[in-house]
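Reader: I have a structure to study. Can you walk me through its rings, charges and domains?

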Number of protein chains: 2
Amino acid sequence: MRESLIVISHEPLREFAQAMLLGAKVPEDKARLVAESLVEANLRGVDSHGVQLLNFYIDHILMGCVDVHAEGHVVSESGGAMVYSGDNGLGQVVAHAACEHAIRLAKAHGVSLVTVREANHFGAAAFWSQKIARGGLIGISMCNATPLVPPWQGREPRFGTNPICMALPGAADRSWLLDMATTTVAMGKIFKAHFSGQPEIPPGWAMDSQGVPTTRTEEAIKGMPMPLGGYKGSGLAFMVEILVAVLSGGAMSTEVGGIRIRSRPMRCGFAFFGVDVSRYLPIEEFQARMDRLIELVKNTPPAPGYHEVLVAGEPEWRNKEERLRNGIPLSKGVWEELIKTASKVNAVPPAVVER
Amino acid sequence: MRESLIVISHEPLREFAQAMLLGAKVPEDKARLVAESLVEANLRGVDSHGVQLLNFYIDHILMGCVDVHAEGHVVSESGGAMVYSGDNGLGQVVAHAACEHAIRLAKAHGVSLVTVREANHFGAAAFWSQKIARGGLIGISMCNATPLVPPWQGREPRFGTNPICMALPGAADRSWLLDMATTTVAMGKIFKAHFSGQPEIPPGWAMDSQGVPTTRTEEAIKGMPMPLGGYKGSGLAFMVEILVAVLSGGAMSTEVGGIRIRSRPMRCGFAFFGVDVSRYLPIEEFQARMDRLIELVKNTPPAPGYHEVLVAGEPEWRNKEERLRNGIPLSKGVWEELIKTASKVNAVPPAVVER
């Protein structure tokens, strides 16, 4: 069965997203930032972290779980170290402020680590690592999230998909970008399969509610995503939880709510590292060395069944070029959900092309 | 078939390791440090990074590939950022010096990142993260290594097993410790299976020389270890390579030699992060929060087939307690190789118990 799609350009999609947020009484500058972060994920082909999140964001806001005016505040600052409280503001608003601090502190001290508590969902981590990278730094972002993932050998969720993301400064920003959940896939991909009406997901993605591996989308939705490679994925998720939640004094593990957990604030945390590349070597040399490393990797003869070796971020750059030109395809299921959500906040959907 | 083992206490094993290094003309303080790092890995049950490495280290030293007197030097220091050159010194000697700088810089600036080039094999990463942690810091260690791992979709090696390791300060040092290769297993585990005469390894560990997955130890030895979870493991290995090699100006990817590649220096690199916990929250509070998080995770009901949920580092602490008490078991194959190596440097093996 071919999936039913609609196609929309990024600009009207961003305006629509912004209108929905404005309709939910989000101030204009904050609505613009959130909309931008979501549509950027759609442009990169990371639809799990795109506008489909608005279905959850808007509900959460309408239920009064998020303070749409809060921007957070600095709890403590010392050298390159900072604790920031999001004060239950919108995740993107809090992340934006915290990243500005990570950039400022890395420029002042060479290396920075800003850890953030009491925030909400910040969209795709890539948006924030790239923001730090545009400050001339290596940017590393992490967050904890709704407990959906069991620790290895366990059968109940204790961790979120706790992603690790790194972006590079200068022209290297377009050559390599890592943004990975510490599960085999992000939960959003399983939800996307669900909303797109795909009955099966690949093996290794998820377990059912009893902790038994499954490839049935409907079982996976009620179950749990798998930690990457078993105990190592659990170890990485724990590492993220320490840097994000233990260090920040924020909510940990099962204390974290979620955009899909109604009637209470999410209370998630972030960690942002900044590394001032120019203190190590000239940025042009860094770029030249990255180019050489990428060449070394890309000239690897492909394994049987493949015709090319890709580096992290490459598929997303290709998507972005293509989608800037030809528009963003969304599954009809996602689009219909969005229209339902829009009706709750009196936002008018733009015209779209069916494909 | 039950594996033939010998058992030896950590103290005579350390003395034997030190005697072998002294026999290879390594200065006494340096020989002691290398021996300590290897035996500590054996105590923790990480035998792939224990004394069996001496078979390669000693050969490499005897061939003149390592400068046993070099300690390296600071190339540049700026805020929490440092580039260090190992000057082809012993990996442990260089790592020791670089970690001291990482501790000093994190104490001065809150967060530090020391990147190291032109070094040799430093043993298990845990030894170095724990060294930084004993300075009251969160310690994160990474290194690149002999290119043995293909990038995802490729059929020729481009990355080492490029481990990521994090250790915690204070009492937390005994409660959680992550030390993981970005492959499904470290190459040393495949070599250990080989030396122990195990004909089969678990699926997912390795590919043969054509890039096709295999469970036959002899094929795996001639082949390549698999990146953790496919493209994500490749992404993490690439991240490590950037922080370790692109940033340090050192050897990258196929430019790196190896302890098993004779007649040329290894030229590997390290990265050491230090994070001064006390700038974020009091260390006692950090410990109390870690205790709570560990409790939250360990009280997860076990999945079918398991009776307990373990956190990272826990199996190694149990091994260490047991091996401090009852001695270190080594496979007879490993022990016989060691005795052969010892004869090259006129070191006298201690008496051992066969089991």
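Reader: Which residues do ring pairs link into a cluster with A:F122?

Author: This is a predicted model, in which local features need pLDDT of at least 70, side-chain atom pairs count only at pLDDT 80 or more, and totals for chains, interfaces and linings use all residues. Residues are numbered from 1 along each chain as its sequence is written, chains are lettered from A and ligands numbered from 1 in the order written, and side-chain values use heavy atoms, without hydrogens and water. Rings of Phe, Tyr and Trp (its six-membered ring) pair if their centres lie within 6.5 Å; planes under 30 degrees apart are stacked, over 60 edge-to-face, and the rest tilted. Ring pairs link A:F122 with A:F127, A:W128, A:F270 and A:F272.

Reader: How many aromatic pairs are there over all chains?

Author: The search covers the whole structure. Its total is 21.

Reader: How many residues apart in sequence are the parts that A:F16 and A:W335 tie together?

Author: The ring centres of A:F16 and A:W335 are 5.4 Å apart and the planes are at 55°, so this pair is tilted. A:F16 counts as buried at 3% relative accessibility, and A:W335 is buried at 5% (buried is under 20% relative accessible area, exposed over 50%, partly exposed in between, with a 1.4 Å probe and protein chains only). Helices are DSSP runs of H or I, at least four residues, and strands are runs of E, at least two, numbered from the N terminus. A:F16 lies in helix 1 (residues 10-23) of chain A and A:W335 in helix 11 (residues 332-344) of chain A, so the parts tied together are apart in sequence by 319 residues.

Reader: Over which ring does the charged end of A:R260 sit?

Author: A charge sits over a ring if NZ of Lys or CZ of Arg is within 6 Å of the ring centre and within 35 degrees of the ring normal. For A:R260, the distance to the ring centre is 4.1 Å. The ring belongs to A:F191.

Reader: Is B:S129 buried or exposed?

Author: B:S129 is found in helix 5 (residues 125-133) of chain B. Its relative accessibility is 0%, so B:S129 counts as buried.

Reader: How many residues of domain 2 of chain A are in contact with domain 1 of chain A?

Author: An automatic or database assignment sets domain bounds. In chain A, domain 1 is 5-62 + 327-354 and domain 2 is 73-183 + 227-279. Contact means heavy atoms within 4.5 Å. On the domain 1 side there are 17 residues, and on the domain 2 side 21.
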